[in-house]
Amino acid sequence: MKQTRWQQATYRHPYLFALLLLVIAFTANALLQPNLLEPTTLNSNMRVFLPLILVTIGQAIVMIGGGIDISVGSIVSVVNALLATQIGLSGDLSTAGVMMGVALFVGMGAGALNGLLIAYVRLQPIITTFATSFIYAGLALFILPNPGGGAPSRLTAFYRETIILWLPLAFYIIALLLFIWAIMRRTRYGRYLYAVGGKAEAAYETGAPVRAVQFSTYVISGLMAALGGIAMTLLTGSGNAQVGDPLTLSSITAAVIGGTPLSGGAGGITGPIIGAVILGLIRNIISFAGVATWWQTFVNAAIIVLALAMPGIIRLVRRRRG
Amino acid sequence: MAPLLAVRNVAKRYGAVQALIDASLEVSPGETLALIGANGSGKSTLSKVINGVVAPDGGQLLFAGRAVRFGSPHAAKDAGISTVFQELSLIPQMTVAENIWLTREPLRRNILIDHRTERRRTEELLSLFAGTFRADLTPDTPVSALLPDERQIVEILKAISVNPRLLILDEATASLDSRQVQRLFDLIGQWKTQGTAIIFISHRMVEIEQIADRYSVLRNGQTVGEGAMKDATAGDLVALMAPEASGGAIERRRLSPDDLATRRVILQIDDLRTGILRGVSMRVHEGELLGIGGLKGQGQRDLLLAIFGGIPYNGRIMLDGKPVHFTHPRQAMKHGVALVPGDRTGEGLLSIRSILENLLVPSWRDYGFPLRMKRAHQNASVIAARLDLKMAGLDAPVSALSGGNAQKVVIGKWLLRNPSILLLDDPTKGVDIATKAEFYRLLTRLCDEGTTVILYSSDDEELISLSDRLLVMHDGRISSELAGASLTTANLVAASLGVARRETP
């Protein structure tokens with residue numbers, strides 16, 4: 001199979017396509033919102049994008065490992081419900097700290113359950129996490145039946161308004177995560193992740209710890225969803241047991257746009273982060289352009305269907321020609 | 001010198017099939033042993049016992065003088081046994097370097113992968129085969145961008161990168177060109193001087209004669225001979241491999257070559273090429289039973305699939321005197337060509353659906369709307385009776401049938417369409433002897449009725465007793481045609497290994 005230059009380039013930098021889309025979406029957005037690059041506007045955008053970015057990173061890692069996590073949205077909801085009820089609008093900072101720690105453990109626990117069922121009981125990832133998503137969604141509603149609760153304004157203000165050297169807080173968080181990812185990729189774990197997602201049998205034959213790696217991806221995804229839930233709570237300053245629902249599909253879409261295919265074994269997290277930003281910008285454009293919001297759902301879904309169908313379409317075209 | 005590995009009286013059974021009965025071999029450091037045998041003789045099972053992929057039922061493995069039992073391929077690898085697998089163990093999305101060093105990456109500070117060292121070591125390995133692959137193959141090339149021969153080379157390098165004490169090459173030369181094979185043989189020579197023991201499995205007798213020091217021959221799961229290569233001729237080895245006729249199969253009255261010559265040519269193929277086939281030409285006569293033989297994976301399956309329109313191909317196919325080029329099995333079916341796949345449960349049957357439904361799957365469109373169930377039932381009953389199908393009723397699920405009866409349903413569903421050419425892909429694999437006999441009678445009757453049958457089988461005896469004519473495939477080509485007096489097991493085995501082609505150029 002001869003590869004084109006574009007294929008080679010996208011192999012080395014799977015986020016090239018996403019970067020191109022980002023430029024387009026950014027330009028369109030900047031035309032509608034000329035002050036887009038001013039620190040405060042940048043901040044007000046990035047703080048909204050951050051929860052999805054965090055969730056998408058976890059999703060992308062699961063997808064590189066050959067799986068998928070449909071339960072991330074519900075984990076965000078659980079964490080949001082937990083924090084909104086346990087900290088409350090008048091809560092003190094030490095309670096908040098403790099509860100955030102608890103939230104991270106809850107997220108990892110939920111991920112561990114997914115991982116256990118998928119890696120060790122060997123259930124289908126898509127069905128398993130779809131099923132567990134209802135468990136977590138139910139749990140969120142049990143904790144917080146009606147929207148309410150919240151987080152103290154000192155905390156939400158820190159999240160919403162911190163700007164260091166013209167750059168919003170979200171940038172520093174993303175930079176830190178990219179740094180951790182860069183190190184992870186250079187460890188054996190990073191290699192195993194791609195090997196397991198690429199061809200699990202071959203990885204097993206070679207002696208890679210296939211199941212442990214699969215398990216770990218869901219724990220990481222749960223952890224990232226919990227971080228996303230914390231960010232979401234600080235962003236909204238309130239509790240709603242369904243707040244995470246739209247994040248599931250969006251995180252998968254963002255990962256796919258970012259060059260992390262559903263077939264596993266390829267991609268990275270840089271692309272998915274860009275993908276999440278693109279989705280946020282598209283939402284901005286839609287709201288500025290005054291189009292109905294269902295367009296947003298439509299665009300998300302269309303991207304996924306297209307991404308799924310593309311390999312098949314390419315094969316069909318090749319066969320016709322051959 | 002004491003042997004590095006001694007295998008003594010190993011037995012292995014898979015369900016009803018006794019793959020190995022009594023297999024033994026010895027290989028010493030610095031020695032190349034050729035493990036040879038016909039189809040189904042048990043050579044892959046034996047190599048899998050040695051490298052820990054399957055656990056033997058009985059017998060003993062001595063490695064470096066100690067009794068061993070490998071629970072996994074990994075355990076065998078840790079002991080110093082490395083295998084170049086036929087089914088590739090590479091991860092397509094990862095680069096050459098990443099694949100070769102997977103799980104053994106050189107580390108800095110015990111945590112970070114040392115890319116520079118990894119790259120350098122990969123380049124050293126690649127230089128072993130320098131000049132035999134494309135220049136743009138670097139340690140950073142993804143495996144998915146490689147050609148089959150280059151992947152095979154990477155696979156070999158991966159196996160050798162652990163510095164094994166015993167290297168098993170299982171058909172490792174199958175996808176290599178002659179220059180690459182020559183380079184591999186040079187390298188084997190070097191590894192031998194370093195004390196590596198090598199077990200070489202190949203379907204090419206020429207290569208075996210060139211590289212092996214000793215041989216060990218398997219026949220029906222038993223070791224039937226071993227010795228030094230220099231004391232044996234290709235003819236001797238073939239005689240050892242060819243199984244004695246067991247007399248179980250029925251003898252079909254063969255159509256004589258003269259008789260065949262008077263018959264109409266129904267299928268004519270010229271220079272057929274696919275990824276595996278390298279120019280196949282043949283004529284098939286009406287009512288003939290043409291056997292396709294040879295060791296597994298020599299292109300037999302591709303040949304049948306190409307005729308059936310299941311895979312793209314280049315070349316000319318004439319059906320009944322008219323040129324055709326099927327790009328979809330449906331077109332082939334319309335022209336009266338039917339293919340009975342080898343993997344019954346996977347490709348041939350909907351196991352939870354009824355026998356009736358399975359029989360009618362290819363024919364429903366002839367039954368109108370709404371479906372004329374009464375007529376369907378009648379036609380299915382006729383076929384079931386013709387096949388002597390033993391069943392509780394047409395409405396019973398296929399999964400309730402025995403293996404042999406399930407096989408009849410696969411054939412029966414095509415018979416309902418009255419095919420003029422029936423392609424069979426190893427139809428009696430895993431079928432018991434009684435059902436086989438019944439199946440042979442069915443084939444004989446079909447041919448007498450004028451149906452043309454092209455039968456690929458991995459059972460050599462079956463091919464010899466059934467075929468009017470037998471084409472033996474080797475490396476994607478037809479290496480020889482056996483008919484009349486030349487249609488013997490010994491000739492088939494010899495041709496399978498590419499011996500005949502050398503003797504009669």
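**Note on a helix pair and a strand in the predicted model**

1. Helix 12 of chain A and helix 13 of chain A are oblique to each other, where angles under 35 degrees count as roughly parallel, over 145 as roughly antiparallel, 65 to 115 as roughly perpendicular and the rest as oblique. The axes of helix 12 (residues 245–257) and helix 13 (residues 270–289) of chain A cross at roughly 120° and come within 7 Å, and the crossing is right-handed.

2. This is a predicted model, in which local features need pLDDT of at least 70, side-chain atom pairs count only at pLDDT 80 or more, and totals for chains, interfaces and linings use all residues. Residues are numbered from 1 along each chain as its sequence is written, while chains are lettered from A and ligands numbered from 1 in the order in which they are written.

3. In chain B, strand 19 (residues 421–425) is mostly covered, since five of its five residues are buried (20 or more other C-beta atoms lie within 10 Å of the residue's own, with C-beta atoms placed from the backbone). On one side B:Ile421, B:Leu423 and B:Asp425 are buried, and on the other B:Leu422 and B:Leu424 are buried, which leaves both faces covered.

4. Strand 19 of chain B runs parallel to strand 18 (residues 337–340) of chain B, and four bridges join them (strands pair if DSSP finds at least two bridges between them); here B:Val340 has B:Leu424 as its bridge partner. Strand 19 of chain B also pairs in the parallel sense with strand 20 (residues 452–456) of chain B, over five bridges, and B:Leu422 stands opposite B:Val453 of strand 20.

Methods
A residue is buried if 20 or more other C-beta atoms lie within 10 Å of its own, exposed if 12 or fewer, and partly exposed in between; C-beta atoms are placed from the backbone. Helices (H or I, at least four residues) and strands (E, at least two) are DSSP runs, numbered from the N terminus. Axes are lines fitted to C-alpha atoms, for helices over the stretch in contact, and angles run from 0 to 180 degrees between N-to-C directions. A crossing is left-handed if the near helix is turned anticlockwise from the far one by less than a right angle, and right-handed if clockwise.
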